[in-house]
Amino acid sequence: MKPILDAIEASRHFDRGLPNAVYTEPGFFDWERERLFAPGWFAIGFGGDVPTAGDMRRVDVLGQSLLMVRDGDGTLRVFHNVCRHRGRRLLDEPCRHAAAIRCPYHAWTYRLDGSLRGTPHVGGAGVHQVEGFDPAGFGLFSVRCHVWCDIVFINTDGNAAPFESYIAPLESRLEALWGDEGPAALSPAPDGFMDMEVASNWKLAVENYLEAYHLPVVHPGLNSYSPLSAHYSYHDATDFAGQGVLSYRPALVAGMPPPSLPGWNTDALYTAEYPAVYPNALLGVQNDHFFVMLLLPLTHERTLERVALQFVGGASSDPRYAATRRAIREGWRSVFQEDVAAVEGMQAGRRCPAFDGGVFTPVQDQPTKHFHRWFAARAACD
Ligand code: FES
Ligand SMILES: [Fe+2]
C-alpha cells in the first residue's frame with residue numbers, strides 16, 4: 001500500500017489528481033473501507049427503506065453486509081448482518097412488519113433492538129436454554145448510526161466526532177436556502193426511489209457530481225433550461241463541496257406543481273444547490289423537492305447509486321401529485337443515466353498507464369480538486 005499512499009501524497013505536491021491505482025487496485029478498496037470510511041461518517045440507506053416497526057433491509061457496502069432495522073419504538077438501528085452463533089448472514093431479502101430477527105440456520109432469534117431472545121434446542125431437543133451459555137452476551141453487533149434528512153449515516157469504528165459536528169457546516173449553508181425548518185417539512189416519497197449500478201469506482205461519481213463543466217455536452221436537455229452560465233461552485237468547507245444554479249424553475253415540471261418549502265429564502269427562489277457530502281452522499285436541494293443520491297461502493301469498480309426523492313408534506317404520497325412525482329423522478333433518472341457513460345468512461349481511462357491524474361483547470365475543476373485534497377489529507381494520516 002505504501003507506493004499508492006506515496007503517490008497520493010505526491011499528487012498534492014505536484015497539483016495533480018489522485019493516481020490511477022486508487023480507482024483500479026482491488027486491494028486499495030480494502031484500505032478505503034478501513035482507513036477512509038470506517039473512521040468517519042458515511043451514508044448507507046434511507047429511513048424510508050424501513051418505514052414501519054419490524055421492517056428490515058440488508059445493505060451490502062464496501063464488501064461488508066449490514067442490517068437496517070426499524071425497532072418497535074420507531075428507532076432506526078443498524079447492525080452487522082451476521083448471526084452471533086456460527087456467523088451466518090442473518091437477512092438475505094428485505095422484510096416488513098417482522099416481530100423479531102430470526103436466523104435462517106439454527107433459528108436463533110433476536111429482538112428488534114438486537115438482543116438475543118431465543119436459542120431453540122440449544123440444550124438438546126426441546127431444551128431452549130443451557131447452563132454455561134448466557135444469551136445476554138450475544139446480542140447483534142451494533143453500528144453507530146444517525147438519521148439526517150432521512151439519510152442513514154453510520155460510523156463503523158465508533159470513534160468519529162459527533163455526527164452534529166460533521167454535518168453542522170452543511171446545515172448552516174442549507175439553512176440560508178431552506179430556512180430552519182427545511183428538513184422537518186420534507187418527507188420521503190414511497191414512489192421516489194430508484195437504483196442504478198455503474199461500472200466505476202465510487203469516487204468518479206463524486207467527481208462528476210462536483211462539476212457543471214460537462215453540462216452542455218453530456219446533458220444538452222438540462223443545459224437548455226439550467227445552463228452552464230447560471231452555475232456557480234463552492235469549495236470552502238471541509239467535508240463537502242458542490243455547485244449551484246440560479247435558474248431553477250419548478251414550473252417547468254409536468255403535472256400539478258408541488259408545494260414549496262415553507263421557510264425557503266424568498267431572495268433565492270430560483271436557486272438550487274447540489275453539494276457532494278463526502279464521502280458518498282450527493283444532494284439536490286430545490287425549493288419544491290429534495291433528492292439524495294447515495295453511492296454504495298460494491299467493489300473497486302462497481303458502485304450502486306441509490307436515489308430517493310422527498311417532497312413537502314402530503315405531496316410525498318398524495319395521489320394527486322403522483323404524476324408530478326413520476327415526472328420529477330424520471331427527469332432525474334434520465335439526467336443520471338446520461339452521467340453513467342461519462343463516469344464509466346473515466347473508469348476506463350484510469351486503466352491507461354499514461355494518465356497521470358490529469359489537471360485541475362482554474363475555474364471549472366476546483367471542487368474536484370477540493371475532493372482530491374480531502375481524500376489525500378485522510379491518506380496522509382495513515
Ligand atoms: S448461525 Fe445463526 S442460529 Fe446458528
Ligand atoms: Fe451530470
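Two residues are said to be in contact if their C-beta atoms, placed from the backbone, lie within 7 Å. With that in mind, I shall present this structure, which is a predicted model. Among contacts in the chain with a separation of 6 or more, 64% are between residues 24 or more positions apart.

Let me turn to the overall form. The chain contains nine helices and 17 strands. Its radius of gyration is 22 Å, close to the 21 Å given by the globule rule for 382 residues, so the chain is as compact as a globular protein of that length. Along its principal axes, the C-alpha trace spans about 75 × 55 × 35 Å. Of the 382 residues, 40% count as buried.

How is the chain divided into domains? The domain assignment gives domain 1, residues 45-147, and domain 2, residues 162-351. Seven residues from domain 1 and seven residues from domain 2 make up the contact between them. On the side of domain 1 that touches domain 2, three residues are nonpolar, three are polar and one is charged. The C-alpha centres of the two domains lie 33 Å apart.

I come now to the interior. In soluble globular proteins, nonpolar side chains tend to be buried together. The largest nonpolar core of this model has 92 residues, and those that touch the most other members are Met68, Val152 and Ala276. Strand β16, residues 290-299, supplies the largest share of this core, namely seven residues. Both domains take part, for the core draws at least three residues from each of domain 1 and domain 2.

Which residues does Met68 contact, leaving aside its neighbours within four places in sequence? They are Gly45, Asp49, Val50, Met56, Arg57, Val59, Leu76, Val78 and Val152.

Two local elements deserve attention. The first topic is helix α5, residues 202-209, which is mostly covered, with eight of its eight residues buried. Those buried residues include charged ones, Lys203 and Glu207, as well as Trp202, Leu204 and Tyr209.

The other topic is a hairpin formed by strands β12 and β13, with five residues between them. Strand β12 covers residues 231-234 and strand β13 covers residues 240-245. The two strands pair in the antiparallel sense over four bridges. In one of these pairings, Tyr234 has Gly242 of β13 as its bridge partner.

Terms used:
Residues are numbered from 1 along each chain as its sequence is written. Chains are lettered from A and ligands numbered from 1 in the order in which they are written. This is a predicted model: local features need pLDDT of at least 70, side-chain atom pairs count only at pLDDT 80 or more; totals for chains, interfaces and linings use all residues. Domain bounds come from an automatic or database domain assignment. A residue is buried if 20 or more other C-beta atoms lie within 10 Å of its own, exposed if 12 or fewer, and partly exposed in between; C-beta atoms are placed from the backbone. Two strands pair if DSSP finds at least two bridges between them. A nonpolar core is a set of buried Ala, Val, Leu, Ile, Met, Phe, Trp, Tyr and Cys residues joined through C-beta atoms within 7 Å. The radius of gyration is taken over C-alpha atoms; the globule rule is 2.2 Å times the number of residues to the power 0.38.
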